[in-house]
Amino acid sequence: MSQSVDLQPSGGNAGESLVASMSADDIICGCNGVTKGTIVEAIQKQGCSSVDEIKACTSASRSCGGCKPLVAEVLQHTLGADFDATAQKKRFAAVRLCHEMKLWKKSKQRTFAYA
């Protein structure tokens, strides 16, 4: 049976990787029921190397997106030196900016509709 996992390590250093201590059956994405094992398999067998690629292959982070940092940590733990954290941060920033622009545009449309 799979279990949900707290994002904070239960002991040791605060900077310690939670992902390293997780089993393959532990849930990473609660919304879509995606396990660490499913994500690791997508990385190793399908060549996924970004959160967006993991989302496309497994549906992890497809719903609320709250698990994106944990998905990125699985990527980093699995890929090791091949993981590009800078590219991940740029993608997150671009997605966040796009989302904020959409919200701004919707708010402007509502403002004009009431004027």
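This is a predicted model: local features need pLDDT of at least 70, side-chain atom pairs count only at pLDDT 80 or more; totals for chains, interfaces and linings use all residues.
With a relative accessibility of 45%, G33 counts as partly exposed. Although G33 and T58 are 25 residues apart along the chain, their C-alpha atoms are separated by 9.6 Å.

**The loop between α3 and α4**

- S59 is found in the loop between α3 (51-58) and α4 (68-79), and S61 has its place in the loop between α3 and α4 too.
- Most residues other than glycine have a negative phi.
- S59, which is not a glycine, has a positive phi of about 75°.
- S61 is likewise a residue other than glycine with a positive phi, near 75°.
- Are these serines buried or exposed? S59 counts as partly exposed because its relative accessibility is 25%, while S61, at 3%, counts as buried.

**Cysteines**

- How many disulfides are there? With a cut-off of 2.5 Å between cysteine sulfur atoms, the count comes to zero.
- For C64, the closest cysteine sulfur is that of C31, and the 3.8 Å between them is too far for a bond.
- C67 is in no disulfide either, as the nearest cysteine sulfur, in C29, is 3.9 Å away.
- C64 counts as exposed because its relative accessibility is 61%, whereas C67 is buried, with a relative accessible area of 10%.

Terms used
Residues are numbered from 1 along each chain as its sequence is written. Side-chain values use heavy atoms; hydrogens and water are left out. Buried means under 20% relative accessible area, exposed over 50%, partly exposed in between (1.4 Å probe, protein chains only). Helices (H or I, at least four residues) and strands (E, at least two) are DSSP runs, numbered from the N terminus.
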